[in-house]
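Subject: Structure handover

Hello,

Here is the structure for you to look over. My notes on what turned up in it follow below.

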Amino acid sequence: MGSGWHEWPLVIFTVFGQCVAGALIVMGFAWLNEKDAAVKARIVRSMFYLWVMMGIGFMASVLHLGSPLRAFNSLNRLGSSALSNEIAAGSVFFAVGGFWWLVSAIGKMPPAVGKIWLIVSQILGLVFVWAMTRVYQIDTVPTWYTGYTTLAFFLTLALGGPLFAALLLRVAKAPGQRALAAAASVLALLVSVAVVVLQSNELAAIHSSVQQASALLPDYGSLQVWRLVLVAAGLGCWICPLVRRQEPKTLALFAGIILVVLGELLGRGLFYGLHMTAGMAIAG
């Protein structure tokens with residue numbers, strides 16, 4: 001038994017990485033659709049915080065591996081190992097996206113090349129999140145070997161990414177209320193509620209000769225409720241002003257992303273706490 005917090009480096013790495021991938025998609029479209037060169041420059045400068053967050057995530061992942069050397073060694077099975085593929089996909093996303101930002105920030109990126117490069121970076125972000133999900137599709141861990149794992153990882157992207165982007169776009173004084181991105185986050189919250197309910201029912205049917213999945217985290221239900229409350233409160237800091245046709249304040253958006261990230265960190269901790277070795281596990 002355990003809350004999953006012993007895996008805190010992976011909790012931080014996965015949640016931060018997914019939020020950055022989602023934020024880059026939203027900010028990237030804002031940059032692509034903006035006509036004012038000065039506004040585009042401010043958007044690029046504010047993207048600096050995306051790569052800071054990504055860097056923190058990678059540092060956390062290195063702590064999990066024990067040393068940077070192990071991170072390099074983990075690439076030895078590229079193509080055949082889900083872990084190697086995840087590290088490679090994350091590194092490529094970080095390098096390609098970060099280099100686009102750096103060259104754009106110093107004003108040396110040709111416009112046509114910059115558009116293509118940014119779109120490629122956005123796609124690499126999605127590939128990175130997909131590669132993350134494959135690491136946990138392990139048939140000997142029945143609590144992870146499910147579509148809910150893949151869905152949960154992409155839901156974090158849709159919950160934290162757009163709100164993080166909204167904050168940075170507000171800092172950049174970029175126009176627009178990003179109603180479509182806000183609607184996507186609300187939809188992701190509704191889907192998250194459904195996932196919690198459905199997965200809770202499924203856990204009751206997973207067991208081995210010595211272990212019941214639902215007994216791994218006796219407070220799973222109540223902790224998920226707290227997680228959803230945090231996420232809903234965070235999104236409310238963004239959505240409520242939009243509903244009133246007002247521009248969200250920077251401080252409100254900052255508080256919102258803190259709440260959402262805390263909620264998703266809690267949810268990811270619960271995910272790791274559900275680890276069980278199958279052995280003679282039975283589902284159903």
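First, a term: a residue is buried if its relative accessible area is under 20%, exposed if over 50%, and partly exposed in between, using a 1.4 Å probe and protein chains only. Ser-104 is buried on that scale, because its relative accessible area is 17%.

The model is predicted, so local features need pLDDT of at least 70 and side-chain atom pairs count only at pLDDT 80 or more, while totals for chains, interfaces and linings use all residues. Residues are numbered from 1 along each chain as its sequence is written, and side-chain values use heavy atoms, with hydrogens and water left out.

Overall layout

The protein has 10 helices and two strands. Helices (H or I, at least four residues) and strands (E, at least two) are DSSP runs, numbered from the N terminus. The order from the N terminus is α-α-α-α-α-α-α-α-β-α-α-β. Of the 284 residues, 50% are buried. Contact here means heavy atoms within 4.5 Å. Take the contacts between residues at least 6 apart in sequence: 80% of them join residues at least 24 apart.

Helix α1 against helix α7

Axes are lines fitted to C-alpha atoms, for helices over the stretch in contact, and angles run from 0 to 180 degrees between N-to-C directions. Helix α1 covers residues 8–33 and helix α7 residues 147–171; their axes come within 6 Å and cross at roughly 55°. Angles under 35 degrees count as roughly parallel, over 145 as roughly antiparallel, 65 to 115 as roughly perpendicular, and the rest as oblique. α1 and α7 are therefore oblique to each other. Their crossing is right-handed. For handedness, look at how the near helix is turned from the far one: anticlockwise by less than a right angle is left-handed, clockwise is right-handed.

From α1, the contact includes Thr-14, Gln-18, Gly-22 and Ala-30. From α7, it includes Phe-153, Gly-160, Gly-161 and Pro-162. By class, this contact has 14 nonpolar, six polar and no charged residues. Ala, Val, Leu, Ile, Met, Phe, Trp, Tyr, Cys and Pro count as nonpolar, Asp, Glu, Lys and Arg as charged, and the others, Gly among them, as polar.

Gln-18 deserves a look. It lies in α1 and counts as buried, at 0% relative accessibility. Leaving out residues up to four places away in sequence, Gln-18 touches Val-129, Met-132, Phe-153, Thr-156, Leu-157 and Arg-268. Gln-18 and Ala-158 are 140 residues apart in sequence, yet 8.5 Å apart in space, C-alpha to C-alpha.

α5 (residues 82–105) holds Ser-104. Not counting residues up to four places away in sequence, Ser-104 touches Val-44 and Met-109.

α5 packs with α6 (residues 111–135) at an angle of about 160°, with the axes 8 Å apart. That makes α5 roughly antiparallel to α6. The crossing is left-handed. The contact has 16 nonpolar, six polar and two charged residues. Among the residues that meet are Glu-86, Phe-93 and Trp-100 in α5 and Trp-117, Phe-128 and Arg-134 in α6.

Thr-133 also lies in α6. At 0% relative accessibility, it counts as buried. Beyond residues up to four places away in sequence, Thr-133 touches Thr-150, Phe-153 and Phe-154.

The core

A nonpolar core is a set of buried Ala, Val, Leu, Ile, Met, Phe, Trp, Tyr and Cys residues joined through side-chain atoms within 4.5 Å. The largest one has 83 residues, and Ile-43, Met-47, Leu-50, Trp-51, Phe-93, Leu-235 and Trp-238 touch the most other members. Its largest share, 15 residues, comes from α1. Trp-51 touches Val-20, Leu-24, Phe-93, Phe-94, Gly-97, Gly-98 and Trp-101, again not counting residues up to four places away in sequence.

Two loop residues

Lys-173 has a positive phi of about 55° although it is not a glycine. Its place is the loop between α7 and α8 (179–203). At 62% relative accessibility, Lys-173 counts as exposed.

Arg-245, also not a glycine, has a positive phi of about 60°. It sits in the loop between α9 (220–243) and α10 (250–273). Arg-245 is exposed, with a relative accessible area of 76%.

Best wishes
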